[in-house]
Amino acid sequence: MREIDTHVVVIGGGATGVGILRDLSLRGIPALLLEQGDLAHGTSSRFHGLLHSGGRYAVKDDKAAQECIEENRILKHIAAHCIKDTSGWFIYLKGDDPNYLQLWLKGCAQTGITVKEIPLEEAFRLEPLLTRQATRVFEVPDATVDGFKLLWANVKSAEKYGGNYRTYCKVKSLWLENRQVKGVYAEDFITGETLLVRSKIVVNAAGPWSSEIAAMSGFDVHILKNKGSLLVFNKRLFNRVINRLRTPGDGEIFVPHETVTIFGTTSHKVESPDDHKVDEQDVAHLIEMGQNLVEEIEQHRIVRAFAGIRPLYESVDASDHEGRGISRNFVLIDHEKMDGVRGLVSIVGGKLTTYRLMAEKVTDWVAAKLEVHTVCRTAEEPLQNELPTEVWDKARQLLGTIAADKMMERLNEQAGSVVEAIARQPLLGQFVCECEMVTQAEVLHALQDLAVHSLDDLRHQTRLGMGTCQGAYCTYRATPMIQEAFGGWERTVKEYQSLLGERWRGITPVLWGEQLRESELARALYLNVLDFKAEESEG
């Protein structure tokens, strides 16, 4: 058994967990984050990527709406490299409820959400696919956010101030003595070691797994696991976030991301935080609902479907047990007050947009317990330093403006070494992934990171395989580099099986037309070019 000492253990490597790690580190509080998979293993990688303006909650959840617009402004300042300030439109259709429209306008005004009406003629010119059933269009400060990039930026910032994290480390139990939390026991999936981590405080930020963590010591944390399914289209249907202006429901948000569009979502109560299956009924339902905003939506190619679990906090007396009506506010649970156990706090509910605020409130609580008086500065201090102009200029000279800008945004402060590698060996500037413009140099750089243990980790760090081909071409192009990094062909095949199996599960529910032909081509590549067996390629 390996023993580790720290002041605070943070359980969960989603947006809230890494935000807490960063805030603790900036305040000089020693902390260790433990995550059972890679960072963004759960909800933070399985959402539509919308940085909320709060408009979606302006009528029924004014507190959540106000938190969203305030954090929206903060994140655009501290995490600009993770965000595309696309703006968002709320679309009011013929036959929609005029009373709701008035309540929405009033709610936005009261919560500080800026609203500007867009003339219909201009709206149709700017977004040609928008339904002609639209009668009014309103602009709000929605944006899109890259969840992976945001999480890694928080972790890198935390590391600069002494924070530590371990991925593929699953907490198995809490260590309690005399109603005081003393630490946790965890299993390291990479080394096979059992870890005993001593700490003064344990923070449960495990998202949809929060209730399971609390249950390890016999506590009840009422989390409603609400599954939302989403579809990925092979192009940008819109250049702005498009929302339907009505009481929130299924299939009414389109979010442009890089070369694709993410559309959703649904709302189903599930029992397991690992239930990410999307069935054909979900797909058919979303397409039917999407026709309200894109009239010929069925003619556009869908490249995959995926689902995420919303960890909604359900109070004991909640009347809505399905999900749409539950508040998107977050709740901090002090288990000394709730259960008589000192040194344990759970943070539940909320949204990725409010992750920084959630982290601040948790860290305030921890700091008070540890008698640390340093104030929070995560709302002011940017997640990364500005790169020198000469690095940008050199990258653009080597790769062209578009490819260089994409690479620089992904790599952030580490871009300089990759640019120098391409300057020394120009062939390293060739694209492994054309969809996302990922270079050989980036792949090699990422494979040197000690946190990259799998092809899925590589995908999270570089966006390899996340474009329209869904890894059909880029994964096999990366084979020589992957084989060397993972120590041989046998391990490489296992990694391919895992990654392609995950990709296949997302493709199966939308397997028709052009996507079916694309998938057969991908199978041919792996069966013939890489000599995979049929059962290997099917995952």
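Predicted model: local features only at pLDDT ≥ 70, side-chain atom pairs only at ≥ 80, totals over all residues.
Take the helices to begin with. Helix α10 spans residues 389-399 and helix α12 spans residues 415-424. Their axes come within 10 Å, with a crossing angle of roughly 40°. Angles under 35 degrees would count as roughly parallel and 65 to 115 as roughly perpendicular, so α10 and α12 end up classed as oblique to each other. As for handedness, the α10/α12 crossing is left-handed. On the α10 side, the contact is built from Val391, Lys394, Ala395, Leu398 and Leu399; α12 brings Gly416, Val419, Glu420, Ile422 and Ala423 to it.

Four strands make up an open sheet, and reading across it gives the order β1-β13-β12-β11. The pairing is mixed. At the edges sit β1 (2-5) and β11 (169-177), each of which pairs on one side only. Going from one strand to the next, the twist averages 25°.

Strand β12 covers residues 180-188 and strand β13 covers residues 194-198. The two run antiparallel and are joined over five bridges. As for individual partners, Tyr185 is bridged to Leu196 of β13.

Key:
Residues numbered from 1 in each chain as written. Heavy atoms only, no water. Axes fitted to C-alpha atoms, helices over the stretch in contact; angles between N-to-C directions. Parallel < 35°, antiparallel > 145°, perpendicular 65-115°, else oblique. Left-handed = near helix turned anticlockwise from the far one by under 90°. Contact = heavy atoms within 4.5 Å. Pairing = 2+ DSSP bridges.
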